[in-house]
Amino acid sequence: MSAAAGWLRGLLLPLVSVLLGLLAGAVAVLLSGTSPIDAYVALFQGAFTNTNAFPETLVSAIPYVFLGLSVAVGFRAGLFNIGGAGQLFAGGICAAFAGYRLTGVPAAVHLPLALLAGMLGGFVYGAIPGLLKARFGAHEVITTIMLNYVAANLTDLLVNKGPMSDPHTGSPQTPQMLLSARLPIIVPGSRLHLGLFLAILVVPVVWFLVERTTIGFRIRAVGLNAGAARAAGISVGWTMTTVMGISGALAGLAGAVQVLGVSGVLTPSLSSGVAFDAIAVALLAGSNAYAVLPAALLFGALKSGASFMQLQTQVSADLISIVQAAVIVFVAAPLLVRWLFRLRSVPAAPVSITEGGLGQAPPREGVA
Amino acid sequence: MRGGGEEGDRRYPPTQRSGVLGDAYAVDTGARDQTPVLALGLRGIVKTYGALRANDGVDLTVRWGEVHALLGENGAGKSTLMNVVYGLTRADEGQVIFDGQPVRVSSPTDAIRLGIGMVHQHFMLIPTLTVAENIVLGHETARRGLIDLRAACQAVTELAAHHGLEVDAGARVADLSVGLQQRVEILKALYRGARLLVLDEPTAVLTPPEAERLFEVVHQLTASGRAVIFITHKLGEVMAVADRITVMRRGRVVATTSPGESSPSELARLMVGRPVLLRVERGEAHPRDPVLRLEDLTVEDDRHQVAVDGVSLEVRAGEIVGVAGVEGNGQDHLVEAILGLRHARHGRVLLGSRDITRDTTRRVLIQGVGHIPADRHAAGAILDLTVADNLVLSRYDRQPFARWLIRQLTAVLEHARRVISAFDIRAESPAQPLGSLSGGNQQKVVVARELDGDPRVLVASQPTRGVDVGSIEFIHQQLVRRRDEGMAVLLVSSELDEILSLADRVAVMYRGRLVALLAGDDIESERIGLLMAGAA
Amino acid sequence: MAGIQTWFQSADLAGLASATLIAATPLVLAALGGLMSERSGVVNIALEGIMLTSAFAGFTVAFAAHNLALGLLASIVAGMLIAALHAVLAIEFLVDQIVSGTVINILAVGLTGVFYRTQQDVQGAVILPIWNIPVLSSIPVIGPILFQKALVTYLMLVLVVVVHVVLFHTVWGLRTRACGEHPLAADTAGVNVKAVRYLNVIASGALGGLGGAYFTIQQIPQFLPNMTGGRGFIALAAMIFGKWTPFGAFGASLFFACADAVAARLQYLGVHVPIQLLGMLPYVLTIVVVAGAMGRAIAPAAVGRPYRKS
């Protein structure tokens, strides 16, 4: 098979999956008693053609880039990080703290510092389930989900009449970020902020990390065959902890960017489902860093268009979840797509990300 | 035993008919007729996996009452063929005729219904269940919705007694020895009324005395009219057990003969397609100072049972020390303890004068220990990475393959090209995934990687498992050459022939203990065989 | 006897025990579902979504038909349908079981969200009444704890025993365990691995569906978005903690539910602890338990691995 055909096939499956996903969503809309055409027209207007719609789509896509990369990096090590929401909160808390408490610092220092604080918070919060898996074999799917609930409670504890809450308002939020820590708006009149460039910049960095560094090699080796990696002297537990930390740092960065670029305050509704959406972004991108960009843009458009659609047609914005679920199914089940189209040429290998079940023994470590 | 006869017909599946031999467990094979019906006929079986033709038009006939050996190298297509017969794989083309009738076997259930039983190389037993549960699985009897395990135990005990294959029906399979587990497998097939029994490499896990006992059982089964297909790649066994022999090579049948009409060297030539040296050219060893020393090493398994029990051993520069033993007698744990992959409970591992007992695997490797893991797929290599990446798997982060944290891919590729040609690895490109190479070439990559690092000690665990004869010869020659250049080699192998042809000294392990250390003329097959079985 | 009884009443331990049993109901049911599925070799992290969808379906049908029995049935059927989707994806199309489960959890949020808004007026909805079991309910101490409950809780208690018997004393159970430990061995012994796994995953959905019914048919007469609050995941932790056995899962679920009940009580008694800290408690406990229990508990050997023939 020629290289061009292979490339085409790599693109075909995601495209087909997205179309089928939209189709599945249309069926759901139809069943709920609305015209899917009206719904999708409104969705499109809300995402692209309305005033400021496209900048708004980009604003929505920015966190998806970070979170999509976060999930994708975990996948490469065979880990399923569903803890993006928690790590996003952790990053948001740290960035917010740096953002309003650090005074008298020039923007050139303050902003990077606040972003870094967010990454650090996410790193630590992500590394915890990595460590729990390495040390005790606690499956990351369960621990990260539990940590999401813990982080949501923690955020509420801090900002809802807690130590980080703004004494001047009654609503649960931190004080406003100082201007020196805000990500500046880059399209006047819209909410589109400098985070866009940060997102575009992070993609090649993550690609390089995974594909060209020794850390990335370790991550891939562990993800592909932990036993062989261990025999070759790679510490599997340490690698798992590191990769979960990196994944968490990316999610934390998303939290920081949302606080510093969009809301200007930290509120308990910071996450609002974006972290879960990122699973679909990463799967659609096939865990490839560069492919995360278009995937994030697509989901940004869906999310951004969905609010307008809800306003116009009363169809819940939760419709996007259905579309996402369907997209994941089709991407993760090439066999299903092949069966649907009675094709023989679609790749048959099933997508395998996790090995074994929720109760596996911890990965054995060498003498430490 | 007569008492169980009538009930037996009811209890066991319908293919079990009361037979001509006046024995409830014997089989009706049509042997009374003037023209005996064949047990199994295969006509033009073809099975392809991608570009590989695993079976390329195979014909085979097996008669009732005979032991039919199916001989061939790894990858010759024996297992694929038998998986077709047992319904685990569907053939692309060809016909299966069982007991004179063309049949379609699309699942093991079909095979069982016909009276075909199979004992797989890797036992198909569920370790957490009891012997009786394993045997009745899929053919259980229930009373008022609940499973009748008492009846199952009784039936199994009776069946076992009849065939002289006694086993405790209530024991958990995980607690049985490998030999007993194989017995359970045979009983499982007989319980399902097997008239044709396929044994896939049945002696691979047995001690020589256990193998002898198995041959008796096999002859007893054929004496009762059953047919047995005996898959193996060991020539000696074929001569000892077979009535007729079919030799396969590269997916085709190359000859059908019998022990009387053939000889081991003739069979080897048929199997490999060219004359084969049955022994490696190997001169006298000139050992020097000890490099690796194990002192009273005790290691526990995952369940905290002692797996290696106070082993002391020395490997000197310029010698090959073989560790013989049936698999599962602690060899794996011994190797893991040396490599720092497992804690030693007690005792020391010394590399030269340095104590490396508590070092990490990484430290152990850096200090000059090479390791060819026993299981290539689980520990030796990463099939989804490229050949080049696999060749630096244990040195990926060191000069010249990485500078700081950045990998130097040019150096990695250059290194790969050099090693590929030096070790005659058949690969189109260093950038192709390792999984696209043949098993023999994959193993050569592992061996090349470890030897290329010039270790002071090489721990080679089952270094030729599952590879073709050509690769075996190559790997053996490499090991001997490195020995002559002064490397210390610890060779762990459950293939007695491999130990005999390579080792200068032989340590025999039995139940975690080193029961003997032999040198010179003491290295002799029968003696080691007995030691491996625990007979001192 | 009377002394003990008054002591119980004064500390209200009986009340706590009763509240624990009620709170444990969905956990136990989902944990039983999880272990039916996992014992056959299929990871089911979709239980959260199964419960959410079932809670929604149960409420919608019960409300529309003014019939709680129909609602209960709808919950179970919805659970089975969603589980069947998981089964098809995981068993037929070899989708990574964790991915497939995640898909269903996302889908559940989407489905319940899209259809939720179409019926917000919940005036007149009712829930299952407390059924005092004659004679038994008047036993001191034990009576109020065990025998003054609503239907789903009784069903839960019965199902613990039923699942135990099925798993360890029936042909189905033997085959289930065989498929979860070594599917190829089960296949070569003549067991239809796919069929066993389908059956178990769908049974798992029925159990999870009943667990979902608890929320809207027994607890409150209303559906709320995300009302299952991660209990499907906590149930999986209970399953692991309980070493994949029904009684073990029951005990572990009681433990988690007790933490929940204690937290609720502390708040009710006005103890000065931030509500968010109490809210974290069950989740933190789950993490501790999953980390602590894992080294000792042994999962079915083949769980999470798809089975396919060459």
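Me: How many bridges join strand 13 of chain B to strand 14 of chain B?

Reply: In this predicted model, strand 13 (residues 290-300) and strand 14 of chain B run antiparallel and are joined by seven bridges. One bridge partner of a residue in strand 14 can be named: B:Val306 is paired with B:Glu300.

Me: Which order do the strands of the open sheet have?

Reply: The four strands follow the order 14-13-16-17 in chain B, and the pairing is antiparallel. Strand 14 (306-316) and strand 17 (354-355) of chain B are the edge strands, since each pairs on one side only.

Me: Which strands does helix 10 of chain B lie across?

Reply: Helix 10 (residues 331-339) lies across strand 13, strand 14 and strand 16 (344-351) of chain B. Its direction makes an angle of about 65° with strand 14 of chain B.

Me: How should I read the contact between chain C and chain A?

Reply: The size of an interface is often given as the accessible area lost when the parts come together. Here the reading is by residues: 48 from chain C and 49 from chain A take part. On the chain C side, helix 5 (97-116), helix 11 (231-241) and helix 13 (275-294) each supply at least two residues; helix 5 of chain C gives the most, with 13 residues. That side of chain C divides into 33 nonpolar, eleven polar and four charged residues.

Me: How many residues of chain B are in contact with chain A?

Reply: There are 26 residues of chain B, in contact with 17 residues of chain A. Helix 11 (361-366), helix 12 (376-380) and strand 20 (406-407) of chain B each give two or more residues to this side. By class, the chain B side has 13 nonpolar, seven polar and six charged residues.

Definitions and conventions:
Residues numbered from 1 in each chain as written. Chains lettered and ligands numbered in written order. Predicted model: local features only at pLDDT ≥ 70, side-chain atom pairs only at ≥ 80, totals over all residues. Contact = placed C-beta atoms within 7 Å. Nonpolar A, V, L, I, M, F, W, Y, C, P; charged D, E, K, R; others polar. Pairing = 2+ DSSP bridges. Axes fitted to C-alpha atoms, helices over the stretch in contact; angles between N-to-C directions.
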